[in-house]
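Q: I have a model open and want to learn to read it, feature by feature. Where do we begin?

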Amino acid sequence: MKINPEEVEFEYCDYNNPAHLNRLVELINIYIEDEMGGGTPLTKLQQLRLVDGLNTNPCAYVLFAIHGNDAVGLVTFFENFSTFHAKPYLNLHDIIVDPVFRGKGYGRMLLDKVIETAKEKNCCKVTLEVREDNVKAQTLYIDSEFADAKPKMFFWSKKLD
């Protein structure tokens with residue numbers, strides 16, 4: 001059953017609020033352990049580095065979707081700058097919805113909030129990466145009019161650790 005968007009509030013992570021920090025780490029670990037994350041939960045030291053890194057990065061945003069008293073999900077995104085358009089853009093990094101709350105529309109609400117934020121900041125675009133086998137996420141993004149860049153781009157990485 002879909003949730004009425006008017007019942008959902010959005011709060012940026014307050015790095016002085018232990019409940020926010022605990023939920024941030026819980027949701028990140030839920031995502032890491034999910035089949036689409038495919039990893040090992042963060043150690044206590046990594047959790048501290050995560051929180052400190054996000055808090056001290058002036059371009060990082062962590063936004064919670066709050067329904068009732070529950071932080072049901074979050075989105076992390078980063079502000080960057082397009083040299084070709086001479087405008088900022090947002091790169092969506094994570095959309096995470098607690099499995100208990102999935103399938104109710106929270107992911108779409110978080111995505112819509114990022115797009116709304118990008119428009120408020122006069123951004124030229126919102127970018128993201130999505131796994132080839134993550135069909136649910138791709139469906140959400142396609143429904144929100146995301147598509148391959150023209151010309152098509154590749155997302156490449158070189159691991160350094």
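Q: Which elements do the buried residues of α3 pack against?
A: Some ground rules come before the answer. This is a predicted model, so local features need pLDDT of at least 70 and side-chain atom pairs count only at pLDDT 80 or more, while totals for chains, interfaces and linings use all residues. Residues are numbered from 1 along each chain as its sequence is written, and side-chain values use heavy atoms, with hydrogens and water left out. Helices (H or I, at least four residues) and strands (E, at least two) are DSSP runs, numbered from the N terminus. Buried means under 20% relative accessible area, exposed over 50%, partly exposed in between (1.4 Å probe, protein chains only). Contact means heavy atoms within 4.5 Å. Now the case: the buried residues of α3 pack against β1, β2, β3, β4, β5 and α4.

Q: Which residues of α3 are buried?
A: An α-helix has 3.6 residues a turn, so residues three or four places apart point the same way. In α3 the buried residues are Tyr106, Gly107, Met109, Leu110, Leu111, Val114, Thr117 and Ala118. After α3 comes Asn122, with a positive phi near 55°.

Q: What span should α3 have?
A: The expected span of a helix is 1.5 Å times one less than its number of residues. The 15 residues of α3 should span 21 Å, and its end C-alpha atoms are 21 Å apart, which agrees. For α1 (residues 18-33), 16 residues should span 22 Å, and the end C-alpha atoms are 22 Å apart, in agreement.

Q: What covers the buried residues of α1?
A: The cover includes β1 (8-12), α2 (44-56), β2 (60-67), β3 and β4. Among the buried residues of α1 are Leu24, Leu27 and Ile28. The helix α1 lies across β1, β2, β3 and β4, at about 85° to β3. Axes here are lines fitted to C-alpha atoms, for helices over the stretch in contact, and angles run from 0 to 180 degrees between N-to-C directions.

Q: What is the order of the strands in the sheet?
A: Strands of a sheet pair through backbone hydrogen bonds, either parallel or antiparallel. Two strands pair if DSSP finds at least two bridges between them. Here an open sheet of five strands has the order β1-β2-β3-β4-β5, with mixed pairing. The edge strands β1 and β5 each pair on one side only. Neighbouring strands are turned by 30° against each other on average, direction ignored.

Q: How many bridges join β2 to β3?
A: Eight bridges join this antiparallel pair. Leu63 stands opposite Val75 in β3. Next along, β3 (residues 70-82) and β4 are antiparallel over 10 bridges. Phe81 has Pro88 in β4 as its bridge partner. Four residues lie between the strands of this hairpin, where Ala86 takes a positive phi near 55°.

Q: Do β4 and β5 pair in the parallel or antiparallel sense?
A: They pair in the parallel sense over three bridges. Asn91 stands opposite Thr127 in β5. Strand β4 (residues 87-97) is mostly covered, with eight of its 11 residues buried.

Q: Which hand does the β-α-β unit of β4, α3 and β5 have?
A: A crossover is right-handed if, with the strands pointing away from the viewer, the path from the first strand over the helix to the second runs clockwise. The unit of β4, helix α3 (residues 106-120) and β5 is right-handed.
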